[in-house]
Amino acid sequence: MKLPELLAPVGSMEHLKLAIFSGASSVYLSYKKFGARKFAKNFSLSQIKEAVDFAHLYNVKVYLTVNILIKDSELYDVAKFILELYKMGVDGILIQDIGLLKIIKEITPKLNIHASTQMNIQNIEGIQWAKNQGISRIVLPRELTYLEVKEMVDFAHSIGIETEIFTHGALCYSYSGRCLFSSLIGGRSGNRGTCAQPCRQKYQLATEDNNGNKILIPNYKNEDFLLSPKDLSLFEDLYKLAELGIDSIKIEGRMRNEEYIATVVNQYRKSLNKLKGQLKSPKNSKIINRNKNNSKNKKNHYNNYNNPNNNNNNNNNFKYVNYNKNNYNYYNEDLKLVYNRGFTSGHFLTRNTDNIMSRKKPGHVGLFIGEIDNFVNETNEIKILLDSHLKTIPEKGDGLLIESTNDSYGFEISNDIIFNKINFDNNKNHNKDYNNKDYNSKDYKKKNRKERNLKERHNNKNYKKNDKNIISIKLVRENKKINIDINKGDKVFLTKRRKISGSVKSILNNADNQSFRKSVISLEFSINSSKDKNIDKIPTLKAVIKLANGKILTFSQKGKKQWEIAKNKPISSKQIRNQLLKTDNLPIYIEDIKVNYSGNLFAPLSQINEFRRNFFNNLKNIIIESYKPTDRDINPDIGSIINNKFHNGNTNNNDNNNQQHHCVYNDTKNQSKTGFSLSLYVNDLELLKNINSRDLDKIIDIEDIKYNGNINNNINNNNNNNNNFQLSRVYLEVPLNNINNINNINNFGGIKSIDISYYVNFLKEAISISKNKDYELVWKWPDIVHKDAKENLIKIIAILKKFDLKISIMTGLLGLNKYLKDNYEVNVYGSYPLNVFNSETVFNLKNFDLLTLSPELSKENLKYFMSNYFNKINSIDKAEQYEFPILEVLIKGNVESLVTRKPIISKKHKKILNKFINKNNIADDSDIYLYDFRDNYYPIKSVEGGNLILNSDEINLKDDIPYLTSLNIVNFAIDLRWKFKNHNFDDI
């Protein structure tokens, strides 16, 4: 078992140094463009070079995040940027965009590519796709359970791909890469690095009365932030991650402050070092076999639904380390102090998904320290009964927050605290005024051996079980006229710790407090000591350097000045050795010095020091340069290739729009090559029965559309406008079985298995309905397809095949298309969660039969997209053009804002909802909405494996169809899911 890499976030040069000196094995950072945290400080190009060189000197890897969707107009700039990063020697690049993946492979084939969690690789087919694409590491989704992680890690390692997992920091409510919420409501796209975090805002549920009027449903107590998750922390589960073989554990937080970076990285490094020591000395570690029926182990937090012991197929020798909980509590207190919304182990180990959410407060909650014991309003004295497990005692200069039933009050402690110990057995009160002394000082420990620092009290033999600790604090009011409502039992939180700022400064300024891995060096000093004056007496110094990445470098340097035969006191070997041990603060460890010298020469110490400084300065450059590619690794013509392929391609060429290509047309039955293709999304069999081409005029008012362009003129010459729009495909999504919308608002995270029998019968009937119809029936797969769901969906296809029934598939997941084509010979269509945002993506996904373009593309972006696409298509043989997918645009319907595995409301809130439904006689089939207090209502739908939130407003691009057709886009889609309660088009 090996320890994982500790990967730290870096938003500035100071962050970089703090992360490195706090113990990070690697860091990730971003350019001022092309990163998913556009509002972080980020780095200029020159700063990136400085950061890469500095990190490499300290044996720390650097990964650049280029994890946004790239516009066609940006392809030239991003290609040049990637080349510059490669030349700098970055260790890897983290990406989301599938088109960018193709570009990187073409211009820098040796650059390590990491697939961002925003690429949304959910299963082993996605990992196989990543391997085939040349990706070296995948970042796993944060929504995976333990067993799902295990399956993906095992498979990834079997084909030579590394795995990375988030272990600490903010959680998104939606699957990464699947959230359009911020983009749709405010134009700030998470896929473009500008997320406005709408999940941290207040919301309320709403439904409809019998007249169709919206009515609001009250929230449970103060749970107003319905979509706000807690922060992830797997700090206490590092052994579990190491055991799984995770290659890299990732800390989130490029926009956090210095205290956060230093503290979180440092605590994780200490814990990993401790784990390393226990792994090396198993006899001294408390390793417990989890299969032993030890009653003490039944209460630990591993005993839950995804405990590997609950699966009969798991290794019976599974073990874990029983860490000292007191130490972990103390570390966790520091982690909570720098920032937390409440900690959760996420889907990885959490059985009750309610525990993932932080609905009462979306920001920092601090460290819970106890409750109000008494408050004297006249004297402003507050007495706080401390939590019995607390290690961190508030001090002068710290910040406190008191949360009462109706309000909260925050303040800074401006006076010394008074500490009291009360024994509730004999009701004795021992007052001690510690005057804010340093509890860690030697003097304090000597004078107070029976009352040690509270951090150690659990190990103190004099500590009594019934002892309680109370601190008294004098509250200084900024405005004495404001009445403060503080009551006994109000909760108190420590929100700011003054000492942490001091710790950060000490890490930067004091080498003794720094934790990093040094390069190991062996030195050999040689000089000819011959008395012959004709022989040069110039020293030579050789070094063998072992870097943390496994490289071994050799370097030799000859001095510039002669040494002389000593007249009086010669330089000794010991003096030479001592001078060479002065490493000028380089992060190196000299394990051996060999001195080849007879001891009869002399040189001034200043000369020796100058020789040493020059040597180590050159050695520093040798180490830095060792990370960079050689001239042989870079194509000498790459600059002109980038310019010709991307710079020239970014100009819009309208002439290309008059050319017809197979890739924009439908190739299914009865498709007119000069007509328009229409696809419909449905999830209702009764509606499916009513669909035929005659109903198209109810869906889209064709006669009102004025067409433009060469293709459209051909259409306008046709007298029968209805024939211009051909219904070509129906994308059928199988709805959940026996689900009433309002009663199934919480589809808790895919715990229920797919009902195979229900799916098979539903699809059989759909295939029967669509037989002999003039459209192709396509089964739209769920958006969430992890291990169990995928296996069940494949079983359904196999069952249909036995009945000699074949159906095309639509999916938004990578890798499944190849599997389905290879094993079941079906057409596979790509839905818009694939994030087809630029023309290069089409070329990299050409094994799909159809691709739906991203709904986030603006008119201008789409113009560049289609122009570039046709420029590239024109350079391809006409026969090859038939290998490319059809391109389609969604023109009407509620776009999927996000898909999530997290619950919408708590179980307690669900009880309120049920009472509200019964009291107000709400119909079972009533829709449920998310209300944002801005008169927007977002439909909530339960889908296979989770919940779906739709945008409040429909998109309707009817008036833009002339513009779209002018770009040679002729395939359009309309989403009719959840639209018709009476299953009839007349509702539209």
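1. Serine 897 is buried, since its relative accessible area is 0% and the cut-off for buried is under 20%. The model is predicted, and this value, like the others below, is computed from it.

2. Where in the chain does serine 897 sit? Serine 897 is part of strand 36, which covers residues 896-900. Leaving aside residues up to four places away in sequence, serine 897 touches Arg178, Cys179, Leu180, Phe181, Leu184, Ile949, Leu950 and Asn951.

3. A polar atom of the serine 897 side chain lies 3.2 Å from the backbone nitrogen of asparagine 951.

4. Alanine 511 is exposed, because its relative accessible area is 57% and exposed means over 50%. Alanine 511 belongs to the loop that runs between helix 13 (498-509) and strand 23 (519-526).

5. How far apart are alanine 511 and phenylalanine 21, in sequence and in space? They are separated by 490 residues in sequence, while their C-alpha atoms are 8.5 Å apart.

6. Helix 26 takes in residues 907-919, which makes 13 residues. From its first C-alpha to its last, helix 26 reaches 19 Å, close to the 18 Å expected at 1.5 Å a residue.

7. Which residues of helix 26 are buried? They are His909, Lys910, Leu913, Phe916 and Ile917. Seen down the helix axis, these buried residues fall within an arc of 120 degrees, so they line one face of helix 26. Strand 8 (204-208) and strand 9 (214-217) are included in what covers them.

8. The face of helix 26 turned away from the buried side carries exposed residues: Lys908, Lys911, Lys915, Asn918 and Lys919.

9. Just after helix 26 comes asparagine 921, with a positive phi of about 50 degrees.

10. For the chain as a whole, the model has 27 helices and 41 strands. Of its 988 residues, 57% count as buried. The chain exposes about 43,200 Å², and carbon and sulfur atoms supply 43% of that area.

11. What share of the contacts between residues at least 6 apart in sequence joins residues at least 24 apart? The share is 75%.

Definitions and conventions:
Residues numbered from 1 in each chain as written. Predicted model: local features only at pLDDT ≥ 70, side-chain atom pairs only at ≥ 80, totals over all residues. Heavy atoms only, no water. Helix = DSSP H or I, 4+ residues; strand = E, 2+ residues; numbered from the N terminus. Buried < 20%, exposed > 50% of the residue type's maximum accessible area, 1.4 Å probe, protein only. Polar contact = N/O pair within 3.5 Å; in protein donor to acceptor, adjacent residues only side chain to side chain. Contact = heavy atoms within 4.5 Å. Expected span 1.5 Å × (residues − 1). Arc of directions from axis to C-beta. Areas by Shrake-Rupley, 256 points an atom, 1.4 Å probe, with all protein chains shown as cover.
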